[in-house]
Amino acid sequence: MDQKTPIQFEELPVPAACTAECRRQKHSRKRRAFRAFGLSALLLWLGARYLRFASPMVFRDPGSPWPFPSDVTVDHCAEWSDPVETEGAEHSLYSADASLELPASADALFLISRSLHHRGGVFSTGNVNYLQSDEVTDAVKVDITAFFWREEHLAASKACLLRRGGDQTGVGIFTNWDEKRRREEHERLRLEVTVAFPRTEDNSALAINNFSSDLEIFGQTLADLSNVNFKTLSLKAALSAIRAESLFAGNATIRTSIGPIRIQSLIGETAVIGTSLGAIEGTFNSSKSLTLSTSNGAIIVEVNLFNNDEDDAAKLKLLTSNGRIESRINLESENSGSAFNITARTSHGPIDLEVVAAPLASNVTLGATTSLGSLSAKLPTTFEGMFDASTSLSSVEVKFDENAEDPSGKGRKRSLDHGKVGKASSHGHVSWSEEGKTRGSVTARSSLGPVSLEF
Ligand SMILES: *[C@@H]1O[C@H](CO)[C@@H](O)[C@H](O)[C@H]1NC(C)=O
Ligand SMILES: *[C@@H]1O[C@H](CO)[C@@H](O)[C@H](O)[C@H]1NC(C)=O
Ligand SMILES: *[C@@H]1O[C@H](CO)[C@@H](O)[C@H](O)[C@H]1NC(C)=O
Ligand SMILES: *[C@@H]1O[C@H](CO)[C@@H](O)[C@H](O)[C@H]1NC(C)=O
Ligand SMILES: *[C@@H]1O[C@H](CO)[C@@H](O)[C@H](O)[C@H]1NC(C)=O
């Protein structure tokens, strides 16, 4: 295993020399891990039953007891190393390793996991750590460590090198374990996977054409991969969190069904990030379009959007049904024509948007809607256009800095036309010039909460 794994899964039982006291602690840590594991199993069941996420889990090739997908061919499967005992406890925990390599220059690389669906509940789970190593090679190394209590559990799992049409190479992790009774904690298998991208000779960014993962109950943790340039990156899990430090992709799709998504930094021309149950947090830089959506969870993000084309707006969508939306948005351009379209929508939760900067004379369209919740949006003094704010059962407030200086430095005076219709609705223009009055627009609607706009 690579020693440089930067972010360790907290609950992974680590092999180490241990005193009796430490063993007790580890044991209780393990119990906690497996309690969480039990909860995961419940959520998986709920997910499969009620959310009906596209579950890839049930299929069995008639010619093989292993759940190999029908569109892949198996090149070979790795041999597990001899098991070593990693910890003496009530039940001995063992580990074994296997390694496979993928060619970094392939058209497409993939990592998948498939387990047979069985009534005994979750048999295997795990975590995948992605990192960039210091090795200069053409190989993306995939190291797998299995932690298990009984050898037949190890025998019920396999890691194989796969091929799929054209020049696609991947690693598949398969488990084949069928038992109808409820599984005890010590009857499960845990897989820890490290995917190490190499570095280039001159330390320039490593180009990866297309990498995709499609994993079941594997958490995914991505270290600082800012020096790996993915043209297309797709990370998918059915049930588990996805966490990343730093990612750089042309097109990025990151999706889980149940679990939060936390990304410290993502740079992507287009990015689609989604979960059904869980929060989305992080910092995102995008130049074409960025969509962040969850059904149940908050969206708390910093966004930097870049655009140089007034006829093709950079788009930001923040969508949740149950949860708040909180975002600081920075809009940038290299030339004088730029357009941005921001949409924020939730049903149950407040919305708090702050556009901290926008280029001069840019066309900014912002639409925010919530049913139950307050809504506040703050725009920079460079914003010009119309606004329309309304609510049904609360009040609308529009704040305007009368002393704001002309951001173009021409010393113009800002004008605000402000038409108020009762307490619950307000519309008008804010602009530095006649033509600015119709440049962009802000539409803010809540049904039951107060709405506040600040220019
Ligand atoms: C990337 O590879 C996956 C399969 O591994 C494929 O489904 C997808 O279409 C590819 N994307 C692009 C843009 O080539
Ligand atoms: C991203 O995907 C879109 C549409 O699928 C494509 O037009 C665009 O070229 C892709 N961008 C990159 C950097 O691959
Ligand atoms: C994202 O954009 C902001 C604003 O331009 C910039 O300061 C930041 O460095 C960018 N992030 C990365 C990782 O390049
Ligand atoms: C902005 O984007 C939203 C959602 O994609 C779309 O419905 C709307 O028409 C766009 N607005 C403009 C002015 O392009
Ligand atoms: C601003 O963009 C919207 C759609 O993106 C468009 O309908 C509108 O005409 C643009 N305004 C100007 C002044 O270009």
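# Exercises on a predicted protein model with ligands

By class, the shell around ligand 2 holds no nonpolar, 2 polar and 2 charged residues. In this classification, Ala, Val, Leu, Ile, Met, Phe, Trp, Tyr, Cys and Pro are nonpolar, Asp, Glu, Lys and Arg are charged, and the others, Gly among them, are polar.

The model is predicted, so local features need pLDDT of at least 70 and side-chain atom pairs count only at pLDDT 80 or more, while totals for chains, interfaces and linings use all residues. Residues are numbered from 1 along each chain as its sequence is written, chains are lettered from A and ligands numbered from 1 in the order in which they are written, and side-chain values use heavy atoms, with hydrogens and water left out.

## Exercise 1: Ligand 2

Task: State which residues surround ligand 2 and how much of its area the protein buries.

Solution. Step 1: The residues around ligand 2 are K231, G250, N251 and E269; a residue is near a molecule or strand if one of its heavy atoms lies within 4 Å of it. Step 2: On its own, ligand 2 exposes 360 Å², of which the protein buries 40%. Accessible areas come from the Shrake-Rupley method with a 1.4 Å probe, and for residues only the protein chains shown count as cover.

## Exercise 2: Ligand 1

Task: Find the side chains that place a polar atom beside an oxygen atom of ligand 1.

Solution. Step 3: Read the distances from a polar side-chain atom to an oxygen atom of ligand 1: 2.4 Å for N210, 3.0 Å for R164 and 3.2 Å for Q168. Step 4: Turn to the area; the protein covers 45% of the 360 Å² of accessible area that ligand 1 has on its own.

## Exercise 3: Ligand 4

Task: Describe the shell of ligand 4 by its residues and by their classes.

Solution. Step 1: K317, N341, T343 and T365 surround ligand 4. Step 2: This shell has no nonpolar, 3 polar and 1 charged residues. Step 3: From N341, a polar side-chain atom lies 2.3 Å from an oxygen atom of ligand 4. Step 4: Of the 360 Å² of accessible area that ligand 4 has on its own, the protein covers 39%.

## Exercise 4: Strand β8

Task: Explain why strand β8 is described as largely enclosed by the rest of the structure.

Solution. Step 1: Strand β8 covers residues 168-175; helices (H or I, at least four residues) and strands (E, at least two) are DSSP runs, numbered from the N terminus. Step 2: In β8, 7 of the 8 residues are buried, so the strand is largely enclosed by the rest of the structure. Here buried means under 20% relative accessible area, exposed over 50%, and partly exposed in between (1.4 Å probe, protein chains only). Step 3: Strand β4 (residues 108-115) runs parallel to β8 and is joined to it by 8 bridges; two strands pair if DSSP finds at least two bridges between them. Within this pair, S113 stands opposite I173. Step 4: Strand β7 (residues 157-164) runs antiparallel to β8, again with 8 bridges, and L162 has G170 as its bridge partner. Step 5: The hairpin of β7 and β8 has 3 residues between the strands, and in it G166 takes a positive phi near 65°.

## Exercise 5: V398

Task: Decide whether V398 is buried or exposed, and name its contacts.

Solution. Step 1: V398 belongs to strand β24 (residues 396-399). Step 2: Its relative accessible area is 17%, so V398 is buried. Step 3: Leaving aside neighbours within four places in sequence, V398 is in contact with F387, H418, S426, L453 and F455, where contact means heavy atoms within 4.5 Å. Step 4: F387 lies 11 residues from V398 along the chain, and their C-alpha atoms are separated by 9.6 Å.

Definitions and conventions: A polar contact is a pair of N or O atoms within 3.5 Å; within protein, one must be able to donate a hydrogen and the other to accept it, and residues adjacent in sequence count only if both atoms are side-chain atoms.
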